[in-house]
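This report describes the architecture of a single chain, element by element. The sequence and the model are shown first.

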Amino acid sequence: MKRNEKIEKLERLGIFNQWKYNTERANETFNIECPDFSMTNEERMNNLLDVDCCFHRFLAISFPFYNTPEGAVFWENIAKNNRT
């Protein structure tokens, strides 16, 4: 799945802003824990969007599902329902 397809799907599912927020939070935590490999939120999101993989894998590598305001079940269901 290409970058623009991922963005379109996130928007179509109505979760783009949630994905962005959770990815930014995960990146901030990563930057604290691994400062030698830190990157900006924009760099992190661009790297994720550029990975050529299926949608559910893309979600799974974006951020830990358990540490989100929506909860793990919310994201697991989206990933499960969007396997291709």
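**Basis of the description**

Contact means heavy atoms within 4.5 Å. Helices (H or I, at least four residues) and strands (E, at least two) are DSSP runs, numbered from the N terminus. A residue is buried under 20% relative accessible area, exposed over 50% and partly exposed in between (1.4 Å probe, protein chains only).

The model is predicted: local features need pLDDT of at least 70 and side-chain atom pairs count only at pLDDT 80 or more, while totals for chains, interfaces and linings use all residues. Residues are numbered from 1 along each chain as its sequence is written, and side-chain values use heavy atoms, with hydrogens and water left out.

**Overall fold**

The chain contains five helices and zero strands, in the order α-α-α-α-α from the N terminus. Its C-alpha atoms fill a box of roughly 35 × 25 × 20 Å along the principal axes. The radius of gyration, taken over C-alpha atoms, is 12 Å, which agrees with the value near 12 Å for a compact globule of 84 residues; the globule rule is 2.2 Å times the number of residues to the power 0.38.

Of the 84 residues, 31% are buried. Among contacts with a separation of 6 or more, 61% join residues 24 or more positions apart. The chain exposes about 5,300 Å², of which carbon and sulfur atoms supply 50%; this area comes from the Shrake-Rupley method with a 1.4 Å probe.

**Charged side chains**

There are 11 positive and 13 negative side chains, and the centres of the two sets lie 8 Å apart. Lys and Arg count as positive and Asp and Glu as negative, without His and the chain ends. Each charge is placed at NZ of Lys, CZ of Arg, CG of Asp or CD of Glu.

Helix α5 spans residues 72-81 and has W75, I78 and A79 buried. These buried residues line one face of the helix, because they fall within an arc of 95° seen down its axis; the arc is that of the directions from the helix axis to the C-beta atoms. They pack against α2 (16-33) and α4 (55-62). On the face turned away from the buried side, α5 carries the exposed residues V73, K80 and N81.

In α4, the buried residues are F55, H56, F58, L59 and S62. They cover an arc of only 160° around the axis, which puts them on the same side of α4. The cover over these residues includes α1 (3-12), α2, α3 and α5.

**Individual residues**

W19 belongs to helix α2 and is buried, with 0% relative accessibility. Leaving aside neighbours within four places in sequence, W19 is in contact with L10, M45, L48, L49, F58, L59, S62, F63 and W75. Between W19 and F30 the separation is 11 residues in sequence and 16 Å from C-alpha to C-alpha.

N82 lies in the segment after α5 and is buried at a relative accessible area of 12%. Not counting residues up to four places away in sequence, N82 touches K9, L13, F55 and H56. N46, in helix α3 (residues 41-50), is partly exposed, with a relative accessible area of 27%. N46 and E76 are 30 residues apart in sequence and 22 Å apart in space, C-alpha to C-alpha.
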